[in-house]
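Please give a short briefing on this structure for someone who has not seen it before. Group the points by topic and keep the wording plain.

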Amino acid sequence: MSADTPRRIALLRHAKADWPDVSDHDRPLAERGRKDAPAVGLKLAETGIVFDLALCSTAARTRETWKLAVQEMPHRPKTHYEERIYDASPGELIALLNETSDEVSDLLVIGHNPGMHALADALTGRAEGDTLARMTRTGFPTAALAVLSFTGSWKSLEHGVGTLLDYWTPKGH
């Protein structure tokens, strides 16, 4: 694939988590999260994007979100569980994404806030319709999904190169 290859990246915040007496990394989904995760899977399917790769945080709530969401998708992408997504800053997430093989056209990242929202904001240079206004207004709640596109290699992914194509939350639809 050439440097001018169009690419898409979907940023998904995990669904609503519970607060049992466990470490933050081991927190499971709450009942609402177990309902919202399949809904976001249906939304991912509706995009028509066939993801080549999913990068998922190793935290229990992200793994559980992904397990429930992917069941609603017609194509199960290769999944890599990546501990560096947990508690990552936008800069750390961009550095991680810069490592993605250029064989990957469409990538899904399942992670946490504030990283997912900050990354979506950082990558967005342009937006379609009211997507940016809606994302700014809602603040990227649990199970929120942002879909962006950019042209170039993953190594060229940096602040402002993306176009925000879609933004979705379970409560907003």
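Alanine 143 is buried, with a relative accessible area of 0%; buried means under 20% relative accessible area, with a 1.4 Å probe and protein chains only. This is a predicted model, in which local features need pLDDT of at least 70, side-chain atom pairs count only at pLDDT 80 or more, and totals for chains, interfaces and linings use all residues. Residues are numbered from 1 along each chain as its sequence is written, and side-chain values use heavy atoms, leaving out hydrogens and water.

**Backbone features**

- Most residues other than glycine have a negative phi, and most peptide bonds are trans.
- Alanine 143 has a positive phi of about 65° although it is not a glycine, and it sits in the loop between H5 and S6. Helices (H or I, at least four residues) and strands (E, at least two) are DSSP runs, numbered from the N terminus.
- Phenylalanine 140 lies in the loop between helix H5 (131-138) and S6, and its phi, near 60°, is also positive.
- Phenylalanine 140 counts as buried, at 0% relative accessibility.
- Asparagine 113 and proline 114 are joined by a cis peptide bond, with omega about 10°. Proline 114 is in the loop between S4 and H4.

**Nonpolar cores**

- A nonpolar core is a set of buried Ala, Val, Leu, Ile, Met, Phe, Trp, Tyr and Cys residues joined through side-chain atoms within 4.5 Å.
- The largest nonpolar core has 27 residues, and those with the most contacts inside it include Leu97 and Phe140.
- Among the elements that each supply at least two residues of this core are strand S1 (6-13), helix H3 (90-97) and strand S6 (145-151).
- Leaving aside neighbours within four places in sequence, leucine 97 is in contact (heavy atoms within 4.5 Å) with Ile9, Leu55, Leu107, Val109, Leu119, Trp154 and Leu157.
- Another core lies apart from it, with 17 residues, among them Ile49, Phe51, Trp66 and Met73.

**Helix packing**

- Helix H1 (residues 31-46) and helix H2 (residues 60-70) pack at an angle of about 50°, with their axes 7 Å apart.
- That makes H1 oblique to H2, as angles under 35 degrees count as roughly parallel, over 145 as roughly antiparallel, 65 to 115 as roughly perpendicular and the rest as oblique.
- Arg34, Ala37, Pro38, Val40 and Gly41 in H1 meet Glu64, Thr65, Leu68 and Ala69 in H2.

**A buried arginine**

- Arginine 27, in the loop between S1 and H1, is buried, with a relative accessible area of 7%.
- Not counting residues up to four places away in sequence, arginine 27 touches Ala17, Asp18, Trp19, Val22, Ala60 and Arg61.

Key
Axes are lines fitted to C-alpha atoms, for helices over the stretch in contact, and angles run from 0 to 180 degrees between N-to-C directions. Buried means under 20% relative accessible area, exposed over 50%, partly exposed in between (1.4 Å probe, protein chains only).
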